[in-house]
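I opened this notebook to keep track of what I look up in the structure, entry by entry. The sequence and the model come first, and my notes follow.

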Amino acid sequence: MARTGAGGAGRTAGRSGSGTAGGSRRAGARRPEVRLPPLEPYGGGGLEPDGDYDGLEFGPEDFAGQDGAGARFMDCALNGCALDETRLHHARILDSVLTGIRGVGTDLAESTLRDVELVDARLGGVQLHGSVLERVVVRGGKIDYLNLRKARLKDVVFEGCVLVEPDFGGARLERVEFVDCVLKGVDFGAATLTDVDLRGVASLEIARGVDRLRGAVISTGQLLDLAPVLAAELGIRVEN
């Protein structure tokens, strides 16, 4: 397991499109620009499979155990909603802001999140495997055991959040940035990384997939911290 601490990490805020070693340029993540229209209050009644929710504001609602598989949320605001064991498989969340949502075992597998802001979430065991995330910002909060296996992430920013044992196994990450956040026990096994910026990770702990870091940019301090595990991966013996 490879770890790097706060002393080896730089800060990436405002560095989209900055240069890499040798003067080459890398592409920075495009952040969403969500501008919600005037919203109507959600009328209650619970989620429905394949439901269509457009221009609604969801106050602190308890959706625990409900089935909203295949639902579409467009131009919506979800504030303080409970999503314990909520089924949202194949859901589409578009041009929306989710603030203070919480839950364990939320099923968002094979869903689409596009132009979404996820703010101060408290989630555990959320299933996003096989999902598509495009122009998404995850800001603040803590997510334990985030399952993003075989997901596709493009223009995604993780900012000021804590991710405990996130699983990116087999995922494709393109223009993904980690800013002032903590990654504990991250799994990059079989993942493909393109223009992924890890320099802003305050604490980086790689459980698997250090060999998949091709296509990522890290800081000098992180490189030094990762040197032993990189040497082991390459079969290099280091002796005094």
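In which strand does Asp95 lie? I find Asp95 in strand E7, residues 92–99, where strands (E, at least two residues) and helices (H or I, at least four) are DSSP runs numbered from the N terminus.

Before going on, I note that this is a predicted model, in which local features need pLDDT of at least 70 and side-chain atom pairs count only at pLDDT 80 or more, while totals for chains, interfaces and linings use all residues. Residues are numbered from 1 along each chain as its sequence is written, and side-chain values use heavy atoms, with hydrogens and water left out.

Confidence. I read a mean pLDDT of 91 for the protein chain, with 89% of its residues at 70 or more; pLDDT is the predictor's confidence in each residue, from 0 to 100. Over residues 6–24 the pLDDT is below 50, although this stretch has 43 contacts in the model beyond near neighbours in sequence, a contact being heavy atoms within 4.5 Å. Where pLDDT is low, the predicted coordinates should not be read in detail.

I return to Asp95, which is not a glycine and yet has a positive phi of about 50°. Asp95 counts as partly exposed because its relative accessibility is 24%; buried means under 20% relative accessible area, exposed over 50%, and partly exposed in between (1.4 Å probe, protein chains only). I also looked up Arg135 in strand E10, residues 132–144, whose phi is likewise positive, near 50°. Arg135 is buried, with a relative accessible area of 15%.

Cysteines. How many disulfides does a search of the whole structure find? I get 0, taking a disulfide as a pair of cysteine sulfur atoms within 2.5 Å. For Cys181 the closest cysteine sulfur is in Cys161, and at 4.9 Å this is too far for a bond. Cys181 is buried at 0% relative accessibility, and Cys81 is buried with a relative accessible area of 0%.

Loop. I place Asp107 between strand E8 (102–104) and strand E9 (112–124), where Asp107 is buried, with a relative accessible area of 18%. Leaving aside neighbours within four places in sequence, Asp107 is in contact with Thr86, Arg87, Leu88, His89 and Gln127.

Last entry. I looked up where Ile236 lies, and found Ile236 in the segment after helix H1 (220–233). Ile236 counts as partly exposed because its relative accessibility is 49%.
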